[in-house]
Amino acid sequence: MVLKARAVDQGDGGGKLILMALHPAKPAGKTSN
Amino acid sequence: MLGSDLRIRRFTPTAERDLHLIPSDIGRSINDLKLSVDVPGLSGLVSEVIDTLAPKELEVRDQEGVWYHLRIRPYKTIDNHIQGAVLVWVDISRAKRNAGLLQDSFDLTQAIAGIVTSPIAVLDEALRIKLGNDAFYSHFKLSREQVVDRPIGRLGRPVLDMPAVHKFLAEAASGEGDSSNLTVAYHDPHITIRN
C-alpha cells in the first residue's frame, strides 16, 4: 500500500490536521512516480 | 443590575444599546419591561438566583437573531449582603455561527470521505485520529469507537505503529520532508508487516 499524507492548517491557532490515505501500490513492473 | 425587588438599579451603555433600554427604565421592574431579548420566566430565574445564591447560565436569542450567553449571578455588597442580581449578556452570535460552519465543514468532509473507497483518516498533530471513513474502519477491521480520538500507534495495528509511518506523518504535519508518499508493504493490515 502507498500512504499519502497532506497537512491542512486550521487557522486561528487551531493547529494542523493531517489527512492520510492508503492506496494500493502499483504492481511490480509498472512505472511509478 | 437588579435589586431584590427585581427593579433595575443600573445598566451599562452596552446593555442600553443591546437590550433597547432607556434611562427612565431605571427603577422599573423587569416584569414591566419589554426587553429586545425574550427570556421566558426571567423574573423567576432571577428570584431563584437571589434565593439560592446559585448562578444560572443560559443561551437566548433576540428578535433580530442575535444570540447571547446570559449569566445571572447574585449581587453581593462588600459586606456580603445580597442586594439583588447581576445579569451579564455576552453576544455569542459569531461563536455560534463559527460552530455551525465548523459542523457543516465536518459533515461535508465526512460525506466526501464516506464515498471514497480508499482508507482515509484525519489526524491531529499528536497523531490522534479525529475521523476515519468506512473504508478505513473496514480495512483495519476496527469500529469507529475503537479509532476516534485514539493515537494512531495504539490501535493494535502494527502497520500503523511503524516508526517510519509516524515519522512520515509528523513530517507531513510540519511541512518537512521531501516526499508526500510512503510505500508500506504488508499482507494483512491487522496482523503482519513485511517490511
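The answer below starts at the place where the two chains meet and then widens the view.

Modeller: This is a predicted model: local features need pLDDT of at least 70, side-chain atom pairs count only at pLDDT 80 or more, and totals for chains, interfaces and linings use all residues. Residues are numbered from 1 along each chain as its sequence is written, while chains are lettered from A and ligands numbered from 1 in the order in which they are written.

Begin with chain A. It has two strands and zero helices. Helices (H or I, at least four residues) and strands (E, at least two) are DSSP runs, numbered from the N terminus. Chain A has 33 residues, and 18% of them count as buried. Buried means that 20 or more other C-beta atoms lie within 10 Å of a residue's own; exposed means 12 or fewer, and partly exposed is in between, with C-beta atoms placed from the backbone.

Chain B has six helices and seven strands. Read from the N terminus, its elements go β-α-α-β-β-β-α-β-β-α-α-α-β. Of its 195 residues, 18% are buried.

Now bring the chains together. On one side, 17 residues of chain A are in contact with 21 residues of chain B. Contact means that the C-beta atoms of two residues, placed from the backbone, lie within 7 Å. On the side of chain A that touches chain B, β1 (2–9) and β2 (16–23) of chain A are the elements that give two or more residues. β2(A) gives the largest share, eight residues. By class, this side has 12 nonpolar, two polar and three charged residues. Here Ala, Val, Leu, Ile, Met, Phe, Trp, Tyr, Cys and Pro count as nonpolar, Asp, Glu, Lys and Arg as charged, and the others, Gly among them, as polar.

Two strands pair if DSSP finds at least two bridges between them. In general, the strands of a sheet pair through backbone hydrogen bonds, either parallel or antiparallel.

Walk across the sheet. β2(A) and β5(B), residues 120–124, run antiparallel and are joined by five bridges. B:L123 stands opposite B:I129.

B:L127 lies in the loop between β5 and β6 (129–132) of chain B. The hairpin has four residues between its strands, and B:L127 takes a positive phi near 60°. Beyond its neighbours within four places in sequence, it is in contact with B:P151, B:I152, B:G153, B:H166 and B:L169. B:A170 is 43 residues away in sequence, yet the two C-alpha atoms are 7.8 Å apart.

Four strands of chain B form an open, antiparallel sheet in the order β1-β4-β3-β2. Its edge strands are β1 (2–3) and β2 (56–61) of chain B. β1(B) pairs with β4(B), residues 82–91, over two bridges. There, B:L2 stands opposite B:A85. Helix α2 of chain B, residues 42–52, packs on this sheet and makes about 35° with the direction of β3(B). B:L42, B:V46, B:V49 and B:I50 are buried in α2(B). Down the helix axis they fall within an arc of 95°, so they line one face. That arc is taken from the directions from the helix axis to the C-beta atoms. The face turned away carries exposed B:G44, B:D51 and B:T52.

Methods
Axes are lines fitted to C-alpha atoms, for helices over the stretch in contact, and angles run from 0 to 180 degrees between N-to-C directions.
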